[in-house]
Amino acid sequence: MLLTGFFANLSCSSNTNKLPIYGERSTQEKEVDGKTIIDTVYHTIPDFSFINQDSAVLTQKFFEGKIYVANFFFTHCPSICPTMQRNLLKAYEKYKGNNQIAFLSHSIDFKYDQPHVLKDYATKLGVDNDQWQFVTGSKADIYGITKDYLVLASEDENAPGGYDHQSYLVIIDPEKRIRGAYDGTNEQQVEKLLTDLDVILKEYQK
Amino acid sequence: MIIRVIVGILLLVSTLYTLFSCTNEMSVETKQYATIGQKLYDSHCQNCHGNNGEGLGSLYPPLRDSVFLNQNRSLLACIIKNGMNGPIQVAGVAYNQQMPAFPQLSSLDIAYLLTYVTTYFGNSKTHFKQAEVEEFLKNCRS
């Protein structure tokens, strides 16, 4: 009896699990209250500065205290993007009006996707508030930050549309850490993204 | 007892009737075309136009407007083969996005594909024949 109670407890606690923290980590010695302790330093998204669909500068300030989902796309991408954006739209519609959640789509076509092109795309997709940001930046900045999100992207003239990239939807927590990555073209993984967003929302409930 | 038997028979007959009336509307050939067409749809069209031809916002038009499909029957093959540019109206919504061309698809592929789209998303009960598609393609406006 006691044993079953113990296991029930265990299975309960595994249900309320937090999402894992991804990326490389290191340890750091730190002094707290006069004692030296060892602390884990997690991989975080570095500071950035991009231009959004309203031609305004967008930095991490916008995402302060928020959980956000990031991805990489381009507006005239003929292959995986429409499916990926259709699926991210499901999440946008589910959490629309929730100021703890935001979305960030980086265009990897720095030549064509000027702010007004991004604005037109966002409007036509059905995005009518600033909760979902679409950004462009210099080639070095955009491709540089793909690595921090652990997503591969490159210019490739043999790829459909001229750019090759992965379709991951990446969850970033308010501490700028990666907490999940889901294939945006796979319906089951997108379902998992939606349930995992509920899980991480609980973790940071105010 | 007799009433039960009669009700039972009636139920059986009506079930069989609905079953057969549904499956017999399309010929076996049409269904075969649509099945092959579905595979082509999934690899060439589904990204933008969606699993069920629902489109995406006002970026990519839906393929479920049977009025559009019926009125433009002779143009559909050209749209697939040569792509599309400029504004169009589908189901009362304006769209203006470039659609890529699919020159690699044969006239038979296009017949399969259009059969799937017009029977599953539209209300057509017949298939596109290869010769018909070839005729349409000769008359494309370029």
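Student: Let's start with chain A: how many helices and strands does chain A have?
Tutor: Happy to begin there, keeping in mind that this is a predicted model. The C-alpha trace of chain A spans about 65 × 45 × 35 Å along its principal axes, and buried residues make up 34% of its 206 residues. As for secondary structure, chain A has 5 helices and 11 strands.

Student: Which residues of helix 5 of chain A are buried?
Tutor: Helix 5 covers residues 187-203 of chain A. On the other side of this helix, A:Q188, A:T195, A:D198 and A:K202 are exposed. The buried ones are A:V190, A:L193, A:L197 and A:I200.

Student: Within what arc do those buried residues fall, seen down the axis of helix 5 of chain A?
Tutor: An α-helix has 3.6 residues a turn, so residues three or four places apart point the same way. In helix 5 of chain A, the buried residues line one face, because seen down the axis they fall within an arc of 75°.

Student: What do the buried residues of helix 5 of chain A pack against?
Tutor: The buried positions in question are A:V190, A:L193, A:L197 and A:I200. Their packing partners within chain A are strand 5 (67-73), helix 2, strand 6 (101-107), strand 10 and strand 11.

Student: Where in chain A is A:K176 found?
Tutor: A:K176 has a phi near 70°, a positive value in a residue other than glycine. It counts as partly exposed, because it has 17 C-beta neighbours inside 10 Å. Its place is the loop between strand 10 (168-172) and strand 11 (178-183) of chain A.

Student: And A:L150, is it buried, exposed or partly exposed?
Tutor: A:L150 also has a positive phi, about 60°, although it is not a glycine. This residue is in the loop between helix 4 (139-148) and strand 8 (153-155) of chain A. With 15 other C-beta atoms within 10 Å, A:L150 is partly exposed.

Student: Turning to chain B, what is its radius of gyration?
Tutor: Chain B has 7 helices and 2 strands, in the order α-α-α-α-α-β-β-α-α along the sequence. Its C-alpha trace spans about 70 × 35 × 25 Å along the principal axes. A compact globule of 142 residues would have a radius of gyration near 14 Å, but the value for chain B is 19 Å.

Student: Which element of chain A gives the most to the side that touches chain B?
Tutor: In this pairing, 10 residues of chain A are in contact with 10 residues of chain B. Two elements give two or more residues to the chain A side, helix 2 (81-95) and helix 3 (115-125). The one that gives the most, with 3 residues, is helix 2 of chain A.

Notes. Residues are numbered from 1 along each chain as its sequence is written. Chains are lettered from A and ligands numbered from 1 in the order in which they are written. This is a predicted model: local features need pLDDT of at least 70, side-chain atom pairs count only at pLDDT 80 or more; totals for chains, interfaces and linings use all residues. Helices (H or I, at least four residues) and strands (E, at least two) are DSSP runs, numbered from the N terminus. A residue is buried if 20 or more other C-beta atoms lie within 10 Å of its own, exposed if 12 or fewer, and partly exposed in between; C-beta atoms are placed from the backbone. Two residues are in contact if their C-beta atoms, placed from the backbone, lie within 7 Å. The radius of gyration is taken over C-alpha atoms; the globule rule is 2.2 Å times the number of residues to the power 0.38. The expected span of a helix is 1.5 Å times one less than its number of residues. The arc is that of the directions from the helix axis to the C-beta atoms.
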